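Subject: Structure handover

Dear colleague,

I am passing on the structure we spoke about, with the sequence alongside, and below it you will find my notes. Please read them with the model open.

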Amino acid sequence: MRPLQCVLRAQRCLRRGPLASVSWLLLRTCRAHSSVPSSACPRPERQQEDGVWKDFSSRLATGPTFQDFLRSASVPPEKPSSPEVEDPPPYLTVDELSGRQRKVYLETYGCQMNVNDTEIAWSILQKSGYLRTSHLQEADVILLVTCSIREKAEQTIWNRLHQLKSLKSKRLRSRVPLRIGILGCMAERLKEEILNREKMVDILAGPDAYRDLPRLLAVAESGQQAANVLLSLDETYADVMPVQTNPSAASAFVSIMRGCDNMCSYCIVPFTRGRERSRPIASILEEVRKLSEQVLQLIHERDNICKQIHLPAQSGSSRVLEAMRRGYSREAYVELIQHIRESIPGVSLSSDFIAGFCGETEEDHLQTVSLLREVQYNIGFLFAYSMRQKTRAYHRLKDNIPEEVKLRRLEELITVFREEATKANKSFVGCTQLVLVEGPSKRSAADLCGRNDGNLKVIFPDVEMEDVTDSGLRVRAQPGDYVLVKITSASSQTLKGHVLRKTTLKDSTAHC
């Protein structure tokens, strides 16, 4: 009991000021640095008599602050990037937990979070051996990811369940029994009512119970209803990589948090999705990285996507990039460029640059010049800096680069860009390029203008040519047509050549 008494006495000595809540922590730290043994905890009166109390006070004043404890606090480990294999429950075998190639049909109702939940649920089921079907009649398992934000949303689900009831009753005995599950917010809010009112519902899984889907479905195989609607204080599915349920979708959602603590007086979300908690930053970045990798892979694989990426650098100096609050360094930018070029051979790159940003030194400027030479962009947009009201720079920085210096630096950047772009574009000379015709050239009525796969402008004569879609027919190119052009010359702005024939995107095979 003596150590506890010692802590209580120290708290009484420190009274109930702002330090009271952490006084025990401070006392333990001071004791660790003190020559007084921890087992000998004298009374405050004796400390004052012995002069020890004065020593304690000085140590307290010069010792560690609360911030030191925050810095030295151990960070709780994040969940591993891949889920750990857990032992099956004692009443189920590994084989029973397996999907055994059964087909799952998923329907999503409500908000974007439910879209993300559907992708998480499918990711978990896919790893357990289930297959996905887009045809309701083929399904062995039908899962509805539901919403409770409005009464109309819930009524939609009740109506859908009545439709599925007929489908389930007509299931052939020769086939695997059809299982129906309700997932998400409605399962959380109306768990007992759903199970009692709709006996044909086999499983219920709340927003924090998707990891349990294989077990719930295994239990349902025995003919029992199975439910898990427990809300969690820490479940974020950080280690589950969502699988897009619509492979042809043009967009994807990245969830960064779950639940809500706002408790708006009209909203049920805190009660159906639980308390607010954020995903670890590392898992968010990993998901975004994988999505970006998919985009690069898609550009590389598909002939109907231009092989051109715009990556605005703005400056080649890490110091200036920090002042601009761009969020990356020169080194990180160059590494990204290298990765893109490895992923998409022959990719065309364009960029933006600002000359003379606040505080830019001559050395900073030369680093931008060197970046232009290193990357060798095909297309560039370069400007002298001009201060804009309401921006952070307007309020926090000083536009201290003279106008003549800005213009001189801009001219140097333009000159270097043109030199390097000419070198890059000359690599196309001798190559046959697929060109999308845009219309007449602005500089010559006798020429047409179009764009190649890298979004570079291509000029070629407006003459008759063979049409590969109609053998023997000779035509003139029209806006929207695809033509093959043999490149004969190049500058920093355009490619020039002579047209070979009219073609289609499917039939074309542009090559050197």
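Is the crossing of α16 and α18 left-handed or right-handed? The crossing of these two helices, α16 and α18, is right-handed, and please keep in mind throughout that this is a predicted model.

Helix packing

Two packed helices are described by the angle between their axes and the distance between the axes. For helix α16, which covers residues 362-375, and helix α18, which covers residues 403-425, the angle is about 15° and the axes are 9 Å apart. Because angles under 35 degrees count as roughly parallel, α16 and α18 are described as roughly parallel to each other. On the α16 side the contact involves Glu362, His365, Thr368, Val369, Leu372 and Arg373, and these meet Arg408, Arg409, Glu412, Leu413, Val416, Phe417, Glu419 and Glu420 in α18. Sorted by class, the contact of α16 with α18 has 7 charged, 5 nonpolar and 2 polar residues.

Antiparallel strands

Strands of a sheet pair through backbone hydrogen bonds, either parallel or antiparallel. Strand β12 (residues 432-440) pairs in the antiparallel sense with strand β17 (residues 482-490) over 5 bridges, and within this pairing Val435 has Val483 in β17 as its bridge partner. β12 also pairs in the antiparallel sense with strand β13 (residues 447-451), over 4 bridges, where the bridge partner of Val437 is Gly450 in β13; β12 and β13 form a hairpin, with 6 residues between them.

From β13 the pairing continues to strand β14 (residues 457-461), which runs antiparallel to β13 and is joined to it by 5 bridges. Here Cys449 stands opposite Ile459 in β14. β13 and β14 also form a hairpin, with 5 residues between the strands, and in this hairpin Asn455 takes a positive phi near 70°.

Parallel sheet

What is the order of the 3 strands that form an open sheet with parallel pairing? The order is β9-β10-β11, and the edge strands, β9 (308-310) and β11 (379-384), each pair on one side only. If direction is ignored, neighbouring strands of this sheet are turned by 15° against each other on average. Strand β10 (residues 348-355) pairs with β11 in the parallel sense over 6 bridges, and Asp352 stands opposite Phe381 in β11.

Aromatic pairs

A search of the whole structure finds 4 aromatic pairs. One of them is formed by Tyr210 and Tyr237, whose ring centres are 5.7 Å apart and whose planes lie at 20°, so the pair is stacked. This pair links distant parts of the chain, with 27 residues of separation: Tyr210 is in the loop between β5 (203-205) and α11 (213-220), whereas Tyr237 is in the loop between β6 (226-228) and β7 (257-258).

Key:
Residues are numbered from 1 along each chain as its sequence is written. This is a predicted model: local features need pLDDT of at least 70, side-chain atom pairs count only at pLDDT 80 or more; totals for chains, interfaces and linings use all residues. Side-chain values use heavy atoms; hydrogens and water are left out. Axes are lines fitted to C-alpha atoms, for helices over the stretch in contact, and angles run from 0 to 180 degrees between N-to-C directions. Angles under 35 degrees count as roughly parallel, over 145 as roughly antiparallel, 65 to 115 as roughly perpendicular and the rest as oblique. A crossing is left-handed if the near helix is turned anticlockwise from the far one by less than a right angle, and right-handed if clockwise. Contact means heavy atoms within 4.5 Å. Ala, Val, Leu, Ile, Met, Phe, Trp, Tyr, Cys and Pro count as nonpolar, Asp, Glu, Lys and Arg as charged, and the others, Gly among them, as polar. Two strands pair if DSSP finds at least two bridges between them. Rings of Phe, Tyr and Trp (its six-membered ring) pair if their centres lie within 6.5 Å; planes under 30 degrees apart count as stacked, over 60 as edge-to-face and the rest as tilted.
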